[in-house]
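Hello,

Please find the structure below. My notes on it follow.

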Amino acid sequence: MNRRNFIRTTATISIAALPLGKLNAQENKEKKEFVGVLVDTTRCLGCRLCEVACSEEHGNYVPDVKNDHALEKIRDTSEKQWTVVNRFETKNGEVFVKRQCMHCWQPACTAACLTNAMFKTKEGPITWDGDKCMGCRYCMVSCPFDIPKFEYNKWNPKIQKCNMCYERLQEGKKPACVQACPKDALLFGIKRELMEVARHRVYSYPDKYVHKIYGEHEVGGTGWLYLSAVPFEQIGFRTDLGTTPYPEYTKEFLFSVPLVLFGVPALLFGLNLLTDRKNELNKNERWENE
Amino acid sequence: MSNKAVLIGEFRKFFKFLIQEMKPRGKWLTPFNIISIPIILLGLVILFFRFTKGLGSVTNLSQQFPWGFWIGFDVVTGVAFAGGAYIITFVVYVMRVEKYHSIVRVTVLNGLLAYIFYAGALVLDLGRPWHIINPIIGNSFGYNSVLFLVSWHFLLYMIAEFVEFSPVIAEWAHWEKVRKFVSALTLGAVIFGITLSMLHQSGLGALFLMAKPKIHPLWYSEFIPILFFVSSIFAGLSMIIFEGIISHKVFKDLIGEKSHYSYEEIILGLGKGAAIAMFVYYFFKALIFIHEKQWVLINDFWGYWYLVEVIGFVLIPCFMFAYAVRNRSIGIIKIASVLALIGIILNRLNISVIAFNWDVANKYYPSWQEIVVTLMVVFSEIWAFRWIATRMPVFSKEN
Ligand code: SF4
Ligand code: SF4
């Protein structure tokens, strides 16, 4: 009776644990070099043509950049606009910073997503799939840059965030914002090459740039990289995010799950048998459920 | 042929029985009904807007606060409160401590309903709930996601609890054979259920591990999963004590003489368990506090708020439990259990809502609609509980 129960339970548990076997599947995928964009904030004029190009490309709200005075306050990306440019007053004068999804190397959002709706494509961009997403907003809770945005006022809301123009990339084109930039502040390419360009600029003009490339190591490295003339915390970047990829924070817990799933039932059955033995010794009578 | 006829006859009989059981019993105009019925109706109206006009039409959720009261209270706190079932089934079925046998059924029922209603409230919060099927049928398994694990374990645990409770249903419906069969499954279901509980109680905490930059450092720790697990033990025990007080008033005539007698012993035992669990929890908290050198954070509003939670609603009820057990004072245990429950609410809400994005300008606070819907969930659960408790043999008379 006890043994039968044991086998029954172990069988159920094994089935429940099956998906866990593939915990690491994502990591073993074929390696292809990820793409990204290098943003040189010293070159940006604040014309916001990238904002316009982005919204036109994706059918989002197109801002009236001439008349809306949007630079007067710091904005966040929103469910209507995947990218925004902000102006910061620094001791070097005005600095303009474009903001959008960073397309992390090991993204928190995809690790959070229980439906794989947030997905890191093999080219590098993180895309969102409306046929899978169930709108739990765990990606929003997890993203260290607060990028995914949710349509709170729709009955069938979407998660809105930059997808690095994944559709365009597949046609062999650059992202719309990169295409639109008149000052070459945005440079599209493979991250390894972008890093070379970035380092070259920093080393060649040590007085012009701070000696740091934002995104090289932040949260384990991001697809979008930034160069700046002033320390990054002065132009709206969080510099306290660490260099650990965010999925690492839950790894330990996830790895312990199969251990618990198999170990604890065995332990409990053992305990149960022990107490059974004890009871039998005590009163020689079998106890039944209820 | 005749077999079939018998079966149909049986079916008809059961159907009649069911119809008869459906009818309300007792008085209609009780204070509870007068309060709960309008709230449940109002909640339904609010939910209508929520599903046609979007979450924003009834909640104060924002881009900075993607999770609010429904997740923080209904799901995260509600599930901690429902932890009593796995602890009691552990004590009774695994350790075979007969003393608590008389409260097993009612605790399992409470746990089962809590999961159905509180974990079920998760669905209300989903923006695209029709896709909930994706991670269940295997369309898209996000194996790397803590939420994937937690929601799967919710589901499996509900099944395990249902199996644990099914002998009661079978007894009620007079299906002797079924009862025998499902009773034999109990131990397996219990062990499976305890394992799942350990995982999803801690998993609820693990959900917040990636929100590291957003949670106030006094509440963030890599040990959140362990803290959540340990605190679910005394949350569950306190909830059993608290519910016990109420059901002993409300369902007096359903509870047999003998179980009244041993009730005091049971409460004392539960109080002792809670005191120990709380002490372990407090010890962990203190270790983390010292290890992370968090005293530098203590001298502002958040520091004081943290002390209110940890001293006022963990350490003090912990001492109260210990004192009350030594002096056999049921009254103090009752008060301590209420304090401990408030402490759990504070802790879960702090992590998920209050100390989450603590430094942003537009703080979140729940809208009245969110609160009404939460009350609706709680009241519907009580309705379901009352319906079952007055019909099925939940409070054991004989034991
Ligand atoms: S920035 Fe946020 S949304 Fe973009 S890839 Fe990283 S975690 Fe995901
Ligand atoms: S809201 Fe959608 S995309 Fe984000 S984690 Fe949930 S299911 Fe994934």
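**Ligand shells**

Of the 14 residues around ligand 1, the nearest are A:Cys101, A:Met102, A:Cys104, A:Cys109 and A:Cys143, where a residue counts as near a molecule or strand if one of its heavy atoms lies within 4 Å of it. By class, the ligand 1 shell holds twelve nonpolar residues, one polar and one charged; Ala, Val, Leu, Ile, Met, Phe, Trp, Tyr, Cys and Pro count as nonpolar, Asp, Glu, Lys and Arg as charged, and the others, Gly among them, as polar.

This is a predicted model, in which local features need pLDDT of at least 70 and side-chain atom pairs count only at pLDDT 80 or more, while totals for chains, interfaces and linings use all residues. Residues are numbered from 1 along each chain as its sequence is written, chains are lettered from A and ligands numbered from 1 in the order in which they are written, and side-chain values use heavy atoms, with hydrogens and water left out.

Around ligand 2 are A:Cys113, A:Thr115, A:Ala117, A:Met118, A:Trp128, A:Cys133, A:Met134, A:Gly135, A:Cys136, A:Arg137, A:Cys139 and A:Ile159. That shell splits into nine nonpolar, two polar and one charged.

**Chain A overall**

Chain A has eight helices and nine strands, taken as DSSP runs (helices H or I, at least four residues; strands E, at least two) numbered from the N terminus. Of its 290 residues, 52% count as buried (under 20% relative accessible area; exposed is over 50%, partly exposed in between; 1.4 Å probe, protein chains only).

**Chain B: a helix pair**

The axes of helix α3 (residues 69–81) and helix α5 (residues 104–119) of chain B come within 9 Å and cross at roughly 165 degrees. Axes are lines fitted to C-alpha atoms, for helices over the stretch in contact, and angles run from 0 to 180 degrees between N-to-C directions. α3(B) and α5(B) are therefore roughly antiparallel (over 145 degrees). B:Asp74, B:Val75, B:Gly78 and B:Val79 in α3(B) meet B:Tyr115, B:Tyr118 and B:Ala119 in α5(B), with contact meaning heavy atoms within 4.5 Å. The residues of this contact are five nonpolar, one polar and one charged.

**Chain B: two residues**

B:Asn350 lies in helix α13 (residues 330–354) of chain B. Because its relative accessibility is 0%, B:Asn350 counts as buried. Leaving out residues up to four places away in sequence, B:Asn350 touches B:Trp219, B:Trp305, B:Glu309, B:Ala355 and B:Phe356.

B:Phe11, in helix α1 (residues 2–22) of chain B, counts as exposed because its relative accessibility is 63%.

Regards

Note on methods. Parallel < 35°, antiparallel > 145°, perpendicular 65-115°, else oblique.
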